[in-house]
There are 2 protein chains.
Amino acid sequence: MSTESKARLRLWVRLLRTSRAVENEIRERLRTEFDVTLPRFDVLAALFRQPDGMLMSELSRFLMVSNGNVTGIIDRLVADGLVERAKRNGDRRTSMVRLTPKGRTDFETMARTHESWINDLLGGLPPDEVEAVSSVLHSFAEYREIHS
Amino acid sequence: MSTESKARLRLWVRLLRTSRAVENEIRERLRTEFDVTLPRFDVLAALFRQPDGMLMSELSRFLMVSNGNVTGIIDRLVADGLVERAKRNGDRRTSMVRLTPKGRTDFETMARTHESWINDLLGGLPPDEVEAVSSVLHSFAEYREIHS
DNA sequence: TTTAAATATTTTAATCTTGAAATAAATACC
DNA sequence: GGTATTTATTTCAAGATTAAAATATTTAAA
């Protein structure tokens, strides 16, 4: 294989190991500070962005996880009173899933702390490097969008 | 929160979404092409780098997953004949886990194809951007190493 | 040497995750 | 309108994952 190919593989390994490391740290802190799992936090974050709610399939696509996975997590969040399923007028197969008031206020608290954790964990990166990598990943995401 | 904090959070979201997207694609291809799961591939890759084998705890630390998780995956790989546990002379609590000859040749095949998939998937990134991001992530890993 | 503390691993219960199959409802086609 | 297809979601079985508890062994301490 070519040198470029090796370089891309090395980048991928580093990308993966970086995100796994940060993810593990965040998972641990969410558990000890807020008694919430990372998957549940991810779902809450997705729903927070959409006050009117999201369809199960939209959640699944946005979070890049399977439909069945979302079903289970939402079930547990509903049981905990953070999320509700709102029956819809038009389509009886679907329901809008959205945060309850408690879900919204709980998440707001977590989100503030979460942002400070990330700021802390990524603090070793100078602002210009943050911007550089962020920009590369953004253009890569657009590239993937087109080639799909 | 500060602008820099927001920028770091945005970087983190992009990092996470990028690795999840690539990971999902690789997972799918490993399953259809080689009938192997991603976690098993990761374990095989770790063991391939260490011909003499690794301790369970070394695997756990290297892969950044829990001890119990490694136990289960190794159990299944042993059942499939790709990995073996070699009893050790000194310490009766531990055993060296290593690839069987079949595990080694199977992995070599997968690894070649895997590298070409990554080269394909990250093909949208110009070599200089690959090097730039790779280098930032590398120095970040060293930074984390020190601050731990 | 006996006991206490530390280390390495496995086990367990709960949750997460996937891919495939099942279910239900809406849409398209005749 | 009635049937077939597509779409949206849930259910299911197998595997993956974590955190905590249990087990087994080694090392340290008294």
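1. Helix 4 of chain A contributes the largest share of the surface near DNA strand C, 6 residues. The model is a predicted one: local features need pLDDT of at least 70, side-chain atom pairs count only at pLDDT 80 or more, and totals for chains, interfaces and linings use all residues. Residues are numbered from 1 along each chain as its sequence is written, while chains are lettered from A and ligands numbered from 1 in the order in which they are written.

2. Around DNA strand C there are 25 residues, of which A:Pro39, A:Gly68, B:Ser57, B:Asn67 and B:Gly68 come nearest; "near" requires a C-beta atom, placed from the backbone, within 6 Å of the strand. At least two residues each come from helix 2 (38-48) and helix 4 of chain A and from helix 1 (3-34), helix 3 (56-63) and helix 4 of chain B. Helices here are DSSP runs (H or I, at least four residues), numbered from the N terminus.

3. By class, this surface near DNA strand C has 5 nonpolar, 11 polar and 9 charged residues. Nonpolar covers Ala, Val, Leu, Ile, Met, Phe, Trp, Tyr, Cys and Pro; charged covers Asp, Glu, Lys and Arg; the others, Gly among them, are polar.

4. DNA strand D is surrounded by 25 residues, the closest being A:Ser57, A:Asn67, A:Gly68, B:Pro39 and B:Gly68. Helix 4 of chain B gives the most to the surface near DNA strand D, with 6 residues. The class counts there are 5 nonpolar, 11 polar and 9 charged.

5. In the contact between the chains, 40 residues of chain A meet 40 residues of chain B, a contact being two C-beta atoms, placed from the backbone, within 7 Å. On the chain A side, helix 1, helix 5 (101-121) and helix 6 (127-146) give two or more residues each, and helix 1 has the largest share with 18. That side divides into 22 nonpolar, 8 polar and 10 charged residues.

6. A:Arg8 sits in helix 1 of chain A. A:Arg8 is buried, with 23 other C-beta atoms within 10 Å (the cut-off for buried is 20 or more, with C-beta atoms placed from the backbone). Not counting residues up to four places away in sequence, A:Arg8 touches B:Ile118, B:Asn119, B:Leu122 and B:Val130.

Methods:
A residue is buried if 20 or more other C-beta atoms lie within 10 Å of its own, exposed if 12 or fewer, and partly exposed in between; C-beta atoms are placed from the backbone.
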